[in-house]
Amino acid sequence: MFAAVLDTCVLWPSLQRDFLLSLAVQGLYRPLWSTAILAELEEHEARKLVGRGSHPDHAASAAVHLVAQMNHAFDDACVRGWEPLDGTYGLPDPDDEHVMAAAVVGGAGAIVTSNLADFPPNRVPPQIQVKPPAEFALETVEIDPYQGFRAVQELTLRYRRPLRSVDELLVLLEQRYGMGTTAEVIRRAADPK
């Protein structure tokens, strides 16, 4: 199965993360990450929650819980043994070296990131594509549009406050993350007239 490393910057926005992981639950790809990616996610998630008014202790607990849920749901996603390659790629941002190392060690075909400039083509091994999340989502949904629809359908069952329909979630994916074409593919799969 095609594997992709999800960088922290695509895991931090809640709905985008939930959508991408829902596609993985439907068997459209295998997500990968490292302990470093999860540590960054935990830190950023806690800060986000504090910024939204949560008490720091509650925010930290919720961030730990999120990472634990991800590891439980995808128990084979965390790449081990990437550390020896950390710092060997000469990336513009040394803080992204661990992402590349995880992709190489994990056998990923892609790194999904919003920081494309941090992964210049001449520094990325040829077997790894670097994709922005909207492009990755579209290519993934195009593999099996009905499973893309099922992913959003299942996502609606997990959203309780507020309740959201499939179309409402698709509109949010369009507006927040530029996933308009992905949303159209999913709408066609949901209503194949």
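On a 1 Å grid over the protein atoms alone, a pocket is an open set of points where a 1.4 Å probe fits, with protein on both sides within 12 Å along at least five of seven lines, whereas a cavity is a set from which the probe cannot get out; lining residues have an atom within 4 Å of a point. The structure examined here is a predicted model, in which local features need pLDDT of at least 70 and side-chain atom pairs count only at pLDDT 80 or more, while totals for chains, interfaces and linings use all residues. Residues are numbered from 1 along each chain as its sequence is written, and side-chain values use heavy atoms, with hydrogens and water left out.

## Pockets

The second largest pocket is lined by D7, T8, C9, W12, E40, H44, D93, D95, D96, H98, N115 and D118. By class, the lining of the second largest pocket divides into 2 nonpolar, 4 polar and 6 charged residues, where Ala, Val, Leu, Ile, Met, Phe, Trp, Tyr, Cys and Pro count as nonpolar, Asp, Glu, Lys and Arg as charged, and the others, Gly among them, as polar. The space in the second largest pocket is about 170 Å³, a volume being the space filled by probe spheres set on the grid points, which are joined across faces, edges and corners.

The largest pocket holds about 1,100 Å³ of space. Its lining comprises 32 residues, of which S14, R17, D18, L66 and Y159 lie nearest the centre. At least two residues of this lining come from each of α2 (14-25), α3 (35-51), α4 (56-73), α7 (145-158) and α8 (166-177), and the lining of the largest pocket has 16 nonpolar, 6 polar and 10 charged residues.

## Salt bridges

Across the whole structure, 11 salt bridges are found, each being a side-chain nitrogen of Lys or Arg within 4 Å of a carboxyl oxygen of Asp or Glu. Three of them are set out below.

| Pair | Closest N and O atoms |
|---|---|
| R17 and E45 | 3.7 Å |
| R150 and E154 | 3.2 Å |
| D167 and R187 | 2.9 Å |

R17 forms a salt bridge with E45; because R17 lies in helix α2 and E45 in helix α3, the pair ties together parts that are 28 residues apart in sequence. Both R17 and E45 are buried, a term for under 20% relative accessible area, with exposed meaning over 50% and partly exposed what lies in between (1.4 Å probe, protein chains only). R17 and E45 also belong to a network of salt bridges that links R17, D18, E45 and K48.

The salt bridge between D167 and R187 ties together parts that are 20 residues apart in sequence, since D167 lies in helix α8 and R187 in helix α9 (residues 180-190). D167 is partly exposed, with a relative accessible area of 41%.

## Strand β1 and its partners

In strand β1 (residues 3-6), A3 and V5 point one way and A4 and L6 the other way, yet all are buried. Strand β1 runs parallel to strand β2 (residues 30-32), to which 3 bridges join it, two strands being paired if DSSP finds at least two bridges between them. Within that pairing, R30 in β2 is the bridge partner of A3. Strand β1 also pairs with strand β3 (residues 110-112) in the parallel sense over 3 bridges, where I111 in β3 is the bridge partner of V5.

The whole structure contains 0 disulfides, a disulfide being a pair of cysteine sulfur atoms within 2.5 Å. The sulfur of C9 has its closest cysteine sulfur in C78, 17 Å away, which is too far for a bond. C9, which also belongs to the lining of the second largest pocket, is partly exposed with a relative accessible area of 23%, whereas C78 counts as buried at 14% relative accessibility.

V79 is placed in the loop between α4 and α5 (97-106) and counts as buried, at 7% relative accessibility. The C-alpha atoms of V79 and G90, which are 11 residues apart along the chain, are separated by 21 Å.

Notes. Helices (H or I, at least four residues) and strands (E, at least two) are DSSP runs, numbered from the N terminus.
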